[in-house]
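Please prepare a briefing on the structure shown below.

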Amino acid sequence: MSDQMGKSLQKKIVAINDLTGFGRCALTVAIPVISHMKIQCCPVPTSILSNHTGYSEYFFDDYTAKLPKYLAMWKKLDLKFEGIMSGFLGSKEQIDIVRAFIKQFQREETVVVIDPVMGDHGKIAGTYTEEMCMEMRKLVSCADIITPNLTEACKLTDTPYREKGWKRTELETMAEKLRAMGPEKIVITGIVQGEFIANYMYQDGEKPMMLRTHRVGCERCGTGDLFAAIIAADAVNGVSFATSVRKASLFVKKCMIKSMEFGIEEKNGVCFEEILHLLK
């Protein structure tokens with residue numbers, strides 16, 4: 001029986017991101033991870049790349065002009081989803097398209113997860129204009145859950161960035177500003193604390209928490225996509241936010257360790273495929 005004739009027992013998540021052939025990031029991470037967590041992953045490719053932009057050269061095909069017709073067909077088919085997640089968006093127009101999609105497809109039971117991929121290490125990506133940063137605030141207002149890194153959280157809240165020395169009270173103030181934009185659950189990732197890396201969790205009605213793990217190896221592309229995919233799948237599956245953040249943090253760390261064991265270059269992300277069976 002089709003979804004149009006009856007309710008499917010399997011849940012579905014829309015994953016809006018670029019499709020990059022080599023480098024293990026964006027949709028090539030989200031699709032297998034969400035599928036492994038027993039949810040159908042329905043991709044919306046915002047662009048097609050041969051390999052990610054961390055390499056010196058790459059093929060790139062912008063999919064913006066095709067998105068309205070792509071999504072209009074989903075509306076015509078009356079498709080319904082339990083989750084919507086978005087990652088890197090390459091233009092103001094794409095951000096506007098995603099906002100419109102959420103408003104059109106979100107139902108009471110639909111969980112919206114926004115990873116506001118804008119930059120890192122205190123620097124905003126070269127493709128991001130100030131106008132796009134302002135538009136990202138509007139997109140964040142549509143979310144139930146957001147997963148900004150420290151740089152993105154600072155940019156969204158007009159907080160001066162620094163790499164180290166953050167007090168919990170400062171992080172709570174920043175999380176409260178993000179909460180005021182709309183999302184009920186917030187995790188600020190990538191907070192450096194000496195030999196540890198921390199994630200700060202904030203949600204309505206709960207005491208804020210700081211989860212720390214030992215830092216391992218060098219930074220790798222795609223770990224934020226991996227983290228966000230786990231958070232989104234768990235949210236749709238009804239897993240508590242604190243449990244999900246712990247799970248995602250520890251699994252990313254395990255993937256980092258395994259990638260070092262396998263000699264995977266940093267640009268090629270983490271070899272999550274080797275231990276995906278450990279993700280429950």
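The briefing below goes from the whole chain to single residues.

This is a predicted model, in which local features need pLDDT of at least 70 and side-chain atom pairs count only at pLDDT 80 or more, while totals for chains, interfaces and linings use all residues. Residues are numbered from 1 along each chain as its sequence is written, and side-chain values use heavy atoms, with hydrogens and water left out. The protein chain has eight helices and 11 strands; helices (H or I, at least four residues) and strands (E, at least two) are DSSP runs numbered from the N terminus.

**Overall build**

- The radius of gyration of the protein chain is 18 Å, which agrees with the value near 19 Å that a compact globule of 280 residues would have. The radius is taken over C-alpha atoms, and the globule rule is 2.2 Å times the number of residues to the power 0.38.
- The C-alpha trace spans about 55 × 40 × 35 Å along its principal axes.
- Of the 280 residues, 50% are buried; buried means under 20% relative accessible area, exposed over 50%, and partly exposed in between (1.4 Å probe, protein chains only).
- Of the contacts between residues at least 6 apart in sequence, 67% join residues at least 24 apart, where contact means heavy atoms within 4.5 Å.

**Surface and charge**

- The protein chain exposes about 13,400 Å², and carbon and sulfur atoms supply 54% of this area. Accessible areas come from the Shrake-Rupley method with a 1.4 Å probe; for residues, only the protein chains shown count as cover.
- The chain carries 36 positive and 35 negative charges, whose mean positions are 3 Å apart. Lys and Arg count as positive and Asp and Glu as negative, without His and the chain ends; each charge is placed at NZ of Lys, CZ of Arg, CG of Asp or CD of Glu.

**Helix α2**

- In α2 (residues 67-76), the buried residues are Leu67, Leu71 and Trp74. Seen down the axis of α2, they fall within an arc of 45°, so they line one face of the helix; the arc is that of the directions from the helix axis to the C-beta atoms.
- Cover for these buried residues includes β1 (12-22), β2 (40-51) and α3 (92-105).
- Exposed Lys69 and Lys76 sit on the face of α2 turned away from its buried side.
- Aspartate 78 follows α2 and has a positive phi, near 55°.

**Other residues with positive phi**

- Most residues other than glycine have a negative phi.
- Alanine 26 has a positive phi, near 55°. This residue lies in the loop between β1 and α1 (27-36) and is buried, with a relative accessible area of 3%.
- Histidine 121 also has a positive phi, near 55°. Its place is the loop between β6 (119-120) and β7 (123-124), and its relative accessible area of 45% makes it partly exposed.

**Selected sites**

- Threonine 151, in helix α5 (residues 150-157), is buried at a relative accessible area of 5%. Not counting residues up to four places away in sequence, threonine 151 touches Gly119, Asp120, His121, Gly122, Lys123, Ile124 and Tyr161.
- Glutamate 195 is in the loop between β9 (185-193) and β10 (196-203) and is exposed, with a relative accessible area of 52%. Beyond its neighbours within four places in sequence, glutamate 195 contacts Thr213, His214 and Arg215.
- Lysine 167 lies in the loop between α5 and α6 (168-181) and is exposed, with a relative accessible area of 55%. Its C-alpha atom is 35 Å from that of glutamine 94, 73 residues apart along the chain.
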